[in-house]
Amino acid sequence: MFVEGPALDGDEVLFCLHDSFPKNVRRERFRGGSARIAVTAWGGFTVGIWLPR
């Protein structure tokens, strides 16, 4: 999963996953205009992305 946008490198992003994931809130930083995480999932679910800055 990824998010792109007008953020500065180093800006924090919170990926909020379904609560069936052991670590359902994942922190990542923007690098080169995007932030991304890799997950393995079966079926569909909603993802929330929070940009605190």
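Leu14 has Arg27 as its bridge partner in strand S3. The structure is a predicted model, in which local features need pLDDT of at least 70 and side-chain atom pairs count only at pLDDT 80 or more, while totals for chains, interfaces and linings use all residues. Residues are numbered from 1 along each chain as its sequence is written, and side-chain values use heavy atoms, with hydrogens and water left out.

Strands S2 (residues 12–16) and S3 (residues 25–29) are antiparallel and pair over 5 bridges. Strands here are DSSP runs of E, at least two residues long, numbered from the N terminus, and two of them pair if DSSP finds at least two bridges between them. S2 also runs antiparallel to strand S5 (residues 48–50), to which 3 bridges join it; here Phe15 has Ile49 as its bridge partner.

The charged side chains complete the picture. A search of the whole structure finds 2 salt bridges, each defined as a side-chain nitrogen of Lys or Arg within 4 Å of a carboxyl oxygen of Asp or Glu. In one, the closest N and O atoms of Arg27 and Glu12 are 3.1 Å apart; this pair links S3 to S2 across 15 residues of the chain. Arg27 is exposed at 57% relative accessibility, whereas Glu12 is partly exposed at 23%.

Notes. Helix = DSSP H or I, 4+ residues; strand = E, 2+ residues; numbered from the N terminus. Buried < 20%, exposed > 50% of the residue type's maximum accessible area, 1.4 Å probe, protein only.
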